[in-house]
Amino acid sequence: AERKALQLRKAIVARRRELLSELSVRKEKEAASRRAEISRREKDEEQKKAVEDAKRRELERAKKEIEAIRTEEAKKLAQSLKAKGSLKVDIEDMENLTSDSIMRLQVEQLEKEKKDLAEAMRVASKRLDHTERAYRKEERPLLSEDYEV
Amino acid sequence: GFDEDDIDYSDIDAKYQVQYEEGLDNVVVVDGVPVIDKSKAEKLLARIAKEFGKKGSNVKADDMFIPWDEKTGKSKGYLFVDFKTADDAVYGIAALQEYQFDSKHRFYLNRFTDIERYASLDETYHEPEPEPYTTKEHLRAWLGDPQGRDQFVTYRGDDVEINWHGKPSQCEVAYSKTNWTDLYAQWSPLGTYLASLHRPGVRLWGGSSWSHQQRFAHPLVRLLDFSPNENYLATWSHDPIVVPEGAQQGPQFFSPEDEGNNIAVWDVKTGNLLRTFPSSYPEQDADAGGGAGKKPQMPWPALKWSADDKYVARVTVGQQISVYELPSMGLVDKKSIKVDGVVDFEWCPLGEKDRDEDAKAVAGKGKKPPRQNLLAFWMPEVANQPARVTVMEFPSRQIMRQKNLFNVTECKLYWQNQGDFLCVQVDRHTKTKKSIFCNLEIFRVREKDFPVEVVELKDTVVNFSWEPKGDRFALVSSNDPNLGSSGPGVTIKTDVSFYAHDRTKGNFRLLRTLPGRTSNTIRWSPKGRHVVLATVGSTSKSELEFWDMDFNNDDFGKGAAAKDEWGSGIQHLGTADHYAVTDADWDPSGRYIATSASAWRHTIENGYAIWDFKGTEQSKQILDRFKQFVWRPRPRTLLTKEQQRQIRKNLKEYSRQFEEEDAAEESNVSAELIAQRKRLVDEWNAWRIRCRDELPAAIKK
Amino acid sequence: MRPILLQGHERSLTQIKFNAEGDLLFSSSKDSVINVWFSHNGERLGTYEGHNGAVWSIDVDTQSRFLVSGSADNTLRLWSVQSGKCLYTWEFTTAVKRVAFSEDDEQIVCVTEQRMGYQGAIRVFRINRDGDGTDQSEEPESFFNPIGSKAVVCAFAQTPNLIVTGHESGKIALFDAKTGEEVLNNERAHMDVVTDLQLSVDRSYFITSSKDKTARIHDTRTLMVIKTFSTETPLNSAAIAFLKPYVLLGGGQDAMSVTTTSLRQGKFETRFWHKIFEEEVGRVKGHFGPVNTAKPYGDLEIED
């Protein structure tokens, strides 16, 4: 019975070994496939990322280009306005300005100039009028004297 | 220049017996009138009124009265005319005296008072009653206007109107009269008198009641020119002087030796005739082209006064300049200034400093003798002689400066109004005579030896004008191929340039050019600094540009302060448009400019507009048959330089007062306007309600 | 205000009329065609064709059912507004210069021109509104030859059987349509030919325009001048604005003289004046060709 029990134990052990090795093989297989899956995914992601990066870079490059053109245009505009003498801002201060803002600046400036001109004319007009009226006021008492002479 | 063609001088009757006696009554008796029955009265009166009208005397049928013979029912062969004033009566008598009404009837006119007097003539002699002493009116009363306003005269249809111009609420008619003048109205240079022109002669008016001041019996007078200080007057008539038999005689009237002459010189104060001259037309230029049959333009003024009223001079083209002493009218030193080929001359004006020095010299305080009169004249190229401009001192006749010029077509002489500079505009031709260009020869007559500066210009100069009291000038130039062949619809392209005297270098330099304009007229403010450029006489363009020469210089009145950049003070203030504008005229203060479209030139939108110096419209009047707008000139201020300086210094204080006055005035005006409008609305509403109430009844009827 | 340009006539306009609701605008022209437009967008709705000469005058009844027109072809025509068909034609010996409906739509009045030996005449026709409108009487209800200066414009006054007229001499007058008698006149209403005459909503006052460069408002009962609007150009038309206290004046020289003189000389603006203050308040520029007629757009008529 003892032998029989031993044989049984042996058989169980063998069976266990067999099962174990099977298990490990399976595990191995599973791990391998998992690894493969991961690496595939990683690869995919990398690829995706690369494409996206390229896209982004392309976008950035285009954006930069547009920006550069804009700045160039703005500079040109500013320069032309300056040349005409209608814009009185230093170009160096305006590196970051766009055409739109220059235009806005220009309009603001024109409006301000118009307002200044109107104000200056109003003051000049008052002064001219008041000076003449003051002269006449002070001359009035002298008139009768002049006539009697 | 004055264009003769503008004035209609047809229907002239040669018979003028001018009687200028003071009368108090306005009733005139007309003898020699046809005897009629009552049925023909209306027709007869209408015809007689028309005959008066033709002679510029305003009489309506209602102003006349026919006495009737009760027995026969017929008129008595005379009638009475009621004139508005005694003056009008005198004029009416002169107008129709001895008028041949029809083959059988000749009119004889007398003042009613005269006939009364003769009829009841007392044989015994009575000492004439001394005329009641009347204080003479203050002829410069308008300067004392409490509101400090200026005046202007307008002539529209037959109506002459004197207007006050001030703030909108202060504008009003000061005086108006129908048929005040028969041709046009003209101010004397200091504004003291208004001259009217009539068939019997010139009349001067003045004072606040616009009473009659003086008359000059020059029949059919067409042009007149006062001396700068209003002491003398020159008149011209197209018709040579005729002295009919029995004409009135005396110092105020022509005598037989004046017959055939056209120009007369008068003393304004006494009304006396000083001397007469024949017209002198310039020789007809054979090259003028298309001039066949066209009368040469009468150069006016034909006589030129020296700025101090001491002399008057006339040129005999090609030969001499004759200078006469005033008031004797004798030829100075009994000889003319002989200048072979002389074409034209101009006296130098008196500057403020010359007047001050004169005053000092009179008071015996002068350090140096005042400057003598200067006379500039020019003669063209002849044979191997170059053309020449000369500046001569008078009466010493010393030649101060002479300049020879070549390839000269024409010279024009422009004195700056202070007598500081003389600009000679020399129109020159190329050797082939194909094109014209221009040199300006500018004489600086306040400096030793009169240095001359030349400004060379490529184009033809159309117009030149010195800034009053300034050292700048403006010119209009053009290289438009249409120049000179102007016709309807042709608008000449021009450039306008401003030049200034550069004191550091002594020369004249271009300040700025305004290219591609159509402006052909420059109008400087009489105070300088502001200038208006206008396109006058065009059917398609009528722009007005308003400019300031010293925009950066706030402290005006003090003259040029620090000039930062050459020409940088020139500022465009505004642009306006007055369609078909024919004239532009600054007020004496330099605050306003009036533009007008005169029916003498065309009949499109006649009328006038007043703008301020920056181009803001103050008022615009479109009036058919509008002919003339002229501001009343003012004499020089009585304030001394120091007084003026004080006023400018204290301007803030004055400004405060004026602002207050203006604000009060304005609220007053708007209150008045609101009240007026409310009244109109109330009237309207009342009428509407009445209509509505009465409407059903009206419909039922 | 937004201007709407109506382009559809080949020659100059002679008159324009809104219907009572203000949604339709009728225009007559020297090109012999009458047009009808949607007034809100300027779209052309249709035409009324049949005249063989310039159409001088039109009017529409208050129900927008009938349109009446007068022409240089010596006819007066009645039209169906909806179908555009000519319902009836009256023939005369001279041109029909002016037509107008009565307030109750029951009558029309017309002025025929004085010419070639024919006297100028004013006729009043009674309109049969029953049926399709083709059954009209050929004979006028009343007929008379106004005395004195030629009548050029006319309308029914507020009182039945009274016709208000404007004349070549500048006179305005009231005539009894039955007797032809001149009941009242104002000889000096204008100094030159009267060019237009339009009544207020309640017909108690009316505005006239004239070549004498003025327009005037008159009291219909007394013919007294209530207001005067002085301009610097001969006027062709005058209208009373609804809702707002304005009058509209149109004028200018006609195309013939415009081409021979400066373009500027004819003033082609429609000008708005304050009805009560007699002051100008605004202008609409940009016409080429004179404004021959002016009538304000408005869909509400209020008592004013």
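1. A salt bridge here is a side-chain nitrogen of Lys or Arg within 4 Å of a carboxyl oxygen of Asp or Glu. Over all chains, a search of the whole structure finds 64 salt bridges.

2. Before going on, please keep in mind that this is a predicted model, where local features need pLDDT of at least 70, side-chain atom pairs count only at pLDDT 80 or more, and totals for chains, interfaces and linings use all residues. Residues are numbered from 1 along each chain as its sequence is written, chains are lettered from A and ligands numbered from 1 in the order in which they are written, and side-chain values use heavy atoms, with hydrogens and water left out.

3. Now to chain B, where R446(B) and D420(B) meet through their side chains in a salt bridge (2.8 Å, N to O). This pair links distant parts of the chain, 26 residues apart: R446(B) is in the loop between β26 (436-444) and β27 (452-457), and D420(B) in the loop between β24 (408-415) and β25 (421-429). Helices (H or I, at least four residues) and strands (E, at least two) are DSSP runs, numbered from the N terminus. R446(B) is partly exposed, with a relative accessible area of 33%, while D420(B) is buried at 13%. Buried means under 20% relative accessible area, exposed over 50%, and partly exposed in between (1.4 Å probe, protein chains only).

4. Another salt bridge joins the side chains of E545(B) and R517(B) (2.7 Å, N to O). E545(B) lies in strand β34 (residues 543-548) and R517(B) in strand β31, both of chain B, so the pair ties together parts that are 28 residues apart in sequence. Both E545(B) and R517(B) are buried.

5. Strand β31 also belongs to an open sheet of 4 strands in chain B, with the order β28-β29-β30-β31 and antiparallel pairing. Two strands pair if DSSP finds at least two bridges between them. At the edges stand β28 (460-466) and β31 (508-517), each with a single partner strand, so one side of each is left without a neighbour in the sheet. In chain B, 6 bridges join β28 to the antiparallel strand β29 (residues 472-478); within β29(B), V476(B) is the bridge partner of N463(B).

6. Finally, have a look at helix α6 (residues 651-700) of chain B, where D682(B) and K678(B) lie 4 residues apart, about one turn of the helix. The two form a salt bridge, with their closest N and O atoms 3.0 Å apart. D682(B) is partly exposed, with a relative accessible area of 38%, and K678(B) counts as exposed at 52%.
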